[in-house]
Amino acid sequence: MRNGKNILRMQADEEDVYHLMDLKELYFVLIGLGSFIEGIAVYFLLFKIRCWDLIYLCVVLFLGIFLLLRQSNKISKRIMEAEVCYMELDEFSLAVCQPEKNGHYECCRIFYEEIDKIVEGSHRGIPEFYIVLGENENRESFFLLDEEEQDRTIFLVRSFGFNRQRFTEFYRKLRWNVPGKTRIIGTKNQEVWNLRKPNIEVCIVAGMIACYVIPKLLEIMKLH
């Protein structure tokens, strides 16, 4: 986050990008290790031993490798997009450039005087907020999808690629800049943002482990 004269700009710095690159390298190491073990397990399954435990191990490793590849792909996109994404506040307006879907980018320049309300996002563990413009035929604010102007009055500002604390500080600075007539809908401390975001991958892994462990425990209990 950089401060200039009446300008506050937030953009991913080298430390953020290096962190993503280190995480991507770790995922590749885990993918290589998982692939090696998967190869050995498949060999024994096809030519040596055929049992439920080995089949289950192969399935778990395959799903684990798939999830790691999926996360690596997401990180690759974040690294590329971090170079062009930013948020900026000046004396009169908010400017945002952020990724949309399928490689597209959405941008905006929103003047404080034209903001009707700001609505905090309510997704658990995901900092984000909506800017809602009032009705104005002579509106100067604009929204772009790539380079095409969009006819709408709502813009969702997401915390993609940004440190949560810095994003929250940026948001509070925005609230300070907007006129008193602007309605703020949400909480002062952003409690929902601070909650832990559900980890889908961890839930999937836990489910796979439970599907193996529970039947084994029941089998042991029957034997005793």
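The entries below go from the whole chain to single residues.

**Ground rules.** I am working with a predicted model, in which local features need pLDDT of at least 70 and side-chain atom pairs count only at pLDDT 80 or more, while totals for chains, interfaces and linings use all residues. Residues are numbered from 1 along each chain as its sequence is written, and side-chain values use heavy atoms, with hydrogens and water left out.

**Whole chain.** I looked up the secondary structure and found five helices and 11 strands, where helices (H or I, at least four residues) and strands (E, at least two) are DSSP runs numbered from the N terminus. Of the 224 residues, 34% count as buried; buried means under 20% relative accessible area, exposed means over 50%, and partly exposed lies in between, with a 1.4 Å probe and protein chains only. The chain exposes about 14,700 Å², of which carbon and sulfur atoms supply 60%, the areas coming from the Shrake-Rupley method with a 1.4 Å probe and, for residues, with only the protein chains shown counting as cover. Among contacts (heavy atoms within 4.5 Å) between residues at least 6 apart in sequence, 64% join residues at least 24 apart.

**Salt bridges.** How many salt bridges does the rule give? I noted six, a salt bridge being a side-chain nitrogen of Lys or Arg within 4 Å of a carboxyl oxygen of Asp or Glu.

One of them joins the side chains of Arg152 and Glu106, at 3.3 Å from N to O. Arg152 lies in the loop between β9 (148–150) and β10 (154–158) and Glu106 in strand β5, so this pair ties together parts that are 46 residues apart in sequence. I recorded Arg152 as partly exposed because its relative accessibility is 25%, whereas Glu106, at 5%, counts as buried.

Another salt bridge links Arg183 and Asp116, at 2.7 Å from N to O. Since Arg183 lies in strand β11 (residues 183–185) and Asp116 in strand β6 (residues 115–120), the pair ties together parts 67 residues apart in sequence. Arg183 is partly exposed, with a relative accessible area of 42%, and Asp116 is partly exposed too, at 29%.

I also looked at Glu120 and Arg175, whose side chains meet in a salt bridge at 3.4 Å, N to O. Glu120 lies in strand β6 and Arg175 in helix α3 (residues 164–177), so the parts tied together here are 55 residues apart in sequence. Glu120 is buried, with a relative accessible area of 10%, while Arg175 counts as partly exposed at 24%. Salt bridges that share partners join Glu106, Arg152 and Arg158 into one network.

Glu128 sits in strand β7 (residues 128–133), and, not counting residues up to four places away in sequence, the residues it touches include Glu120, His123, Arg158 and Trp193.

**Surface patches.** Glu100, Asp146, Glu147 and Glu148 gather in a patch of negative charge on the surface. Patches are made of residues with over 30% relative accessible area and no salt bridge, like charges being joined within 9 Å and nonpolar side chains (Val, Leu, Ile, Met, Phe, Trp, Tyr) within 5 Å; a charge is placed at NZ of Lys, CZ of Arg, CG of Asp or CD of Glu. I located Glu100 in the loop between β4 (93–99) and β5 (105–111), partly exposed at 35% relative accessibility. Asp146 is in the loop between β8 (142–145) and β9, and its phi is near 60 degrees, a positive value in a residue other than glycine. Most residues other than glycine have a negative phi.

I then turned to a nonpolar surface patch of about 1,000 Å², which includes Leu33, Phe36, Ile49 and Leu57. Helix α1 (residues 14–47) gives the most to this patch, with nine residues, while Ile49 is found in the loop between α1 and α2 (52–82).

**Cys97.** Is Cys97 buried or exposed? Cys97 is buried, with a relative accessible area of 9%, and lies in strand β4. Cys97 and Tyr86 are 11 residues apart in sequence and 5.4 Å apart in space, C-alpha to C-alpha.

Technical notes: Lys and Arg count as positive and Asp and Glu as negative; His and the chain ends are not counted.
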